[in-house]
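Walk through this structure with the model open beside the text.

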Amino acid sequence: MAAKPPPPRPTPRLYLATPEVDDPSHLVSVLPDLLAAADVAAVLVRLKEADQRSMISRIKALAPAIQNAGAALLVDGHFELVARGGADGAHLTGIAALEEALPSLKPDRIAGVGGLATRHDSMAAGELGADYVLFGEPDAKGERPSAEAIAERLQWWDELFEPPSVGFAASLEEVSEFAAAGADFVLVGDFIWADPRGAKAALVEAAQAIRQAHRSAHGRVQAG
């Protein structure tokens with residue numbers, strides 16, 4: 001009897017990081033069209049530091065534009081604002097921050113984590129109950145691993161662990177590389193917003209790159 005072919009591997013999805021948000025009005029106006037143009041699973045809202053009331057107001061202003069498009073709204077850090085702002089979860093940096101945030105986020109909200117310098121940290125995050133692990137984001141000094149090292153970490157995680165992985169892509173080329181390596185989500189941000197053609201064109205191109213890379217890397221699997 002022939003072995004049952006593995007199920008088709010889902011196509012990775014986009015995870016869009018906003019610019020640092022002070023006045024949310026521009027994002028509120030552009031996000032609905034942007035999120036309708038590509039398959040965006042979640043939006044990471046980066047808040048400019050301010051008093052809590054101001055930051056909560058920004059989250060509340062952005063929430064309808066994001067959530068009505070079917071995407072989750074995650075706050076970068078500031079897990080204490082998630083419930084009060086109506087967000088879906090938070091992205092934390094490092095194991096200590098994840099441990100601190102979990103009691104207030106679980107079980108109802110998403111707790112993702114990056115800042116995982118070692119494989120041991122990554123495994124510890126998974127064991128603690130992180131909803132995803134992020135590889136490849138810049139550290140406090142703005143430095144990050146090579147694209148090859150990030151892709152290797154994504155492939156290692158994909159082969160061994162259940163929680164989803166996210167690859168932080170700083171360019172369109174990295175979008176393709178990380179999608180092929182086994183990332184479940186690809187985080188895009190600054191290069192999307194800086195594109196001279198506009199963020200929509202850049203996001204659509206990133207989505208196309210994901211589909212093409214996924215098809216090239218996993219097409220045989222899908223064909224059974």
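**A walk through the chain**

His78 is buried, because its relative accessible area is 18% and buried means under 20%. This is a predicted model. His78 sits in the loop between β3 (72–76) and α3 (82–85). Its backbone deserves a look. Phi of His78 is near 45°, a positive value in a residue other than glycine. Most residues other than glycine have a negative phi, and most peptide bonds are trans.

The peptide bond running from Lys106 to Pro107 is cis. Its omega is near 5°. Pro107 belongs to the loop between α4 and β5 (110–114).

Now step back to the whole chain. The protein chain holds 9 helices and 8 strands. How does its radius of gyration fit that of a compact globule? For 224 residues, a compact globule would have a value near 17 Å, and the protein chain has 17 Å, so the two agree. The C-alpha trace spans about 60 × 40 × 35 Å along its principal axes.

Burial and surface come next. Of the 224 residues in the protein chain, 46% are buried.

Start with a strand. Leu187 lies in strand β8 (residues 185–188). Is Leu187 buried or exposed? Its relative accessibility is 3%, so Leu187 counts as buried. Which residues does Leu187 touch, beyond those up to four places away in sequence? They are Tyr15, Leu16, Ala17, Leu134, Val166, Gly167, Phe168 and Ala169. Leu187 and Glu137 are 50 residues apart in sequence, yet their C-alpha atoms are 9.2 Å apart in space.

Helix α1 (residues 25–37) is the next stop, and Pro32 is placed in it. Pro32 counts as partly exposed because its relative accessibility is 39%. Leaving out residues up to four places away in sequence, Pro32 touches Leu27 and Ala65. Ile66 is 34 residues from Pro32 in sequence. In space, the C-alpha to C-alpha distance between Pro32 and Ile66 is 7.0 Å.

Then jump to helix α9 (residues 199–223), where Lys200 lies. With 38% relative accessibility, Lys200 counts as partly exposed. Set aside its neighbours within four places in sequence. Lys200 is then in contact with Asp33, Leu34 and Ala37.

Gln212 is partly exposed, because its relative accessible area is 49% and exposed means over 50%. Where is Thr11 relative to Gln212? The two are 201 residues apart along the chain, with 9.7 Å between their C-alpha atoms.

The last stop is a helix pair. Helix α4 (residues 95–105) packs with helix α5 (residues 119–128) at an angle of about 5°. Their axes are 10 Å apart. That angle makes α4 roughly parallel to α5, because angles under 35 degrees count as roughly parallel. Which residues make the contact? From α4 come Ile95, Leu98, Glu99 and Leu102. From α5 come Asp121, Ala124, Ala125 and Leu128. By class, the contact of α4 with α5 has 6 nonpolar residues, 2 charged residues and no polar ones.

Methods:
Residues numbered from 1 in each chain as written. Predicted model: local features only at pLDDT ≥ 70, side-chain atom pairs only at ≥ 80, totals over all residues. Heavy atoms only, no water. Axes fitted to C-alpha atoms, helices over the stretch in contact; angles between N-to-C directions. Helix = DSSP H or I, 4+ residues; strand = E, 2+ residues; numbered from the N terminus. Parallel < 35°, antiparallel > 145°, perpendicular 65-115°, else oblique. Contact = heavy atoms within 4.5 Å. Nonpolar A, V, L, I, M, F, W, Y, C, P; charged D, E, K, R; others polar. Rg over C-alpha atoms; globule rule 2.2 N^0.38 Å. Buried < 20%, exposed > 50% of the residue type's maximum accessible area, 1.4 Å probe, protein only.
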